[in-house]
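Please open the structure in your viewer and keep the selection panel at hand, so that each stop of this tour can be picked out as you read.

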Amino acid sequence: MGIVTRGLALFCAVLGVAAVTSAQTVDFAVSGNSTIRGWTCEVSGTAEVTAGGGAAAAGFSSGVQGVTLTVPVAEFTCPNEEMTEHLMEAMRPDEFGEITFQMDGYEVTSNGATATGSLTILETTETVAVPMTLTESGTGAAIEGEVRLDMTDYGVEPPTVMLGMLRVRPQITIEFGGIVAP
Amino acid sequence: MTRRGLDRPLGAQGASRRQLFKLLAASPFLGLAAAGLPASWQRALANEAERRAVAPAATCAKCGVEMPLATSRQEYPGLGQAPEAQPPDAIDGQFNGQLIESVDDAINVWDFERVCHANNLPQHWDYLHLGVDDFETRWANREGFTRRIIRPRRLGPSANNPDLSTELYGQQFESPLFLCPVAANEGYHTEGEAGAARAAGTHGILQMQSHSSSQSYDEIMEARGEPHWFQLYTVPDFNVNQRVIDRVESAGCPVLVWTVDLIGGSNRELVRRTLQGDGYEGALCQNCHNHQPGYQRPMRAGLEGPAGERYPYDWDYVKRLRDITQMKLVLKGIVTAEEAELAVDAGADGIFVSNHGGRAESSGWASIDSLPEVVQAVRGRVPVFIDSGVRRGTDIFKALALGADAVGIGRPYVWGLGGFGEDGVSKVIDLLHDELRIAMRQTRTAAIDQITSRMVMEGKNPIMMRESRMGFGL
């Protein structure tokens, strides 16, 4: 089996298996910089997969129709309480409780896939392409990837503290990873 | 993905006085308020306003960082009339540094220097960057490496996939490269030493934790998944030293690295200059560093107990340390043959050739220049380590050729950490490994133990190509 075929089969298999099970947990790490130092905050979200047509890998029954990632904003944790508070002020979880990614389609790549879909943060929805690697794992398949964003594109105002002497840079990187298992 | 949040009471706030003045100088209300300010504030504001007027700068479209447009043409009048401000081209980036936006953009470790500088508190950057006096020893460290010449071999045994694996005290590592002890990693990224530990662990290389680390031995060990080495700064009360030694030994630390190169103190002018004004005791610094009463760095906390003897720092001290621990004992900061001989005779299990990255004394003596005489004195009885000025895979190669068993980096991995956390450290390690492999292929050395002194010779003059204004590029 060629590597592209194998990648497609694996991707579809992973998502196809997940479609017949409950939502899977995916861990997210959001990193960025500021005028003080680099930072990383973390949160766990869910991946819901809808089975569909398309090629299926050996041993799996279907391909994939859709994927929805959901991140509960209020559950972000940063290295200290002060940073978490600033993040919450920027993300307003009382008004916008979730960050969501709705997959519209995907392309198979040499080591995984690039999913294209709608990312919604606060009130703004933008189309993004999310490259990810897929690796066979003993208990399912490991997915890993990252996407870089400018938070101001989504109407998120980067936190500033102490009269602007501490300014968070708007550019952030979102890394995600988890095991999608039957 | 193995990142984790660190529940450390750091606080994120800190600021420079200069940044405050920059902020105020940019304010449209400055004119209204300036007359009521103290004279010293008015002078500082005037300086910042002048800088704003003359400094060519542009804002990175993607990362939002303001970066100076100091191209070589602008800085060196002899190269011609300064053109209109324009983004640096590739040759500027290569020799003057550039602000990368992702670890994927990094071509060499220098690419992390500027991004770390841009994204960290000036006082923290200055602490990392400093040398003593006029930075002579920092310069010498780089010149020592660039003065040495690698003698390639064009044909011969295959070295297509060089084996970097290295054994130290019976433990296997993926390469002779290691991460040196550097204090307070959380000052550069919230991931701190744990972020560096995850990167080092993933690559299978050694990490030495600083006694002045932001995180405890246990936290760092958990991040790596196995014990690492610990660097000790002794204090006069020997019982305090014994308590910290007992703590790391009981946690599983196999090797204790005792730093002996700062016992006489060092003239760190950049720190004194950056802390002018309110100084370290001022409200801004204390807001982060001491916002919890009685806070101490983790490896200095909880060591209270009955006072002990206050022994002089002589060669018997090595024996005293030797007697209270089963860990291997490495002396860090030995740079002469006679002291290497004495150290081994006193029971040291390893010699670490180091001038503390040019932060100890202004000897102007490169660590790589010290290495041959130390290796000669040690005569293979114990491993020899080296750091200070290592920035390239070829530097690692040269140090190995001159007899080092392992080669450490300090600032470069902290640049990576400060720019991008664990991913930055990981990329720094990858880059140096890649460069080392190229050097090994070009000398037809398939394994570390095939790198010999015949592959390096001394040139007449150092070759310093990099832009080094403000000390960048050292």
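Select Gln209(B) and Phe230(B) to begin: Gln209(B) stands opposite Phe230(B), which belongs to strand β8. Helices (H or I, at least four residues) and strands (E, at least two) are DSSP runs, numbered from the N terminus. The model is predicted, so local features need pLDDT of at least 70 and side-chain atom pairs count only at pLDDT 80 or more, while totals for chains, interfaces and linings use all residues. Residues are numbered from 1 along each chain as its sequence is written, and chains are lettered from A and ligands numbered from 1 in the order in which they are written.

Next, select β7(B), residues 206–209, together with β8(B), residues 229–232, which run parallel and are joined by two bridges; two strands pair if DSSP finds at least two bridges between them. Here Met208(B) stands opposite Trp229(B) of β8(B).

Which residues of β7(B) point one way, and which the other? Leu206(B) and Met208(B) point one way, Gln207(B) and Gln209(B) point the other way, and all are buried. A residue is buried if 20 or more other C-beta atoms lie within 10 Å of its own, exposed if 12 or fewer, and partly exposed in between, with C-beta atoms placed from the backbone. In a regular strand the side chains alternate between the two faces of the sheet.

Move on to helix α8(B), residues 136–147, which has 12 residues. This helix is mostly covered, with 10 of its 12 residues buried, among them Trp139(B) and Phe145(B).

Finally, show the whole of chain B, whose secondary structure comes to 19 helices and 14 strands, and in which buried residues make up 46% of the 474 residues.

Technical notes. The expected span of a helix is 1.5 Å times one less than its number of residues.
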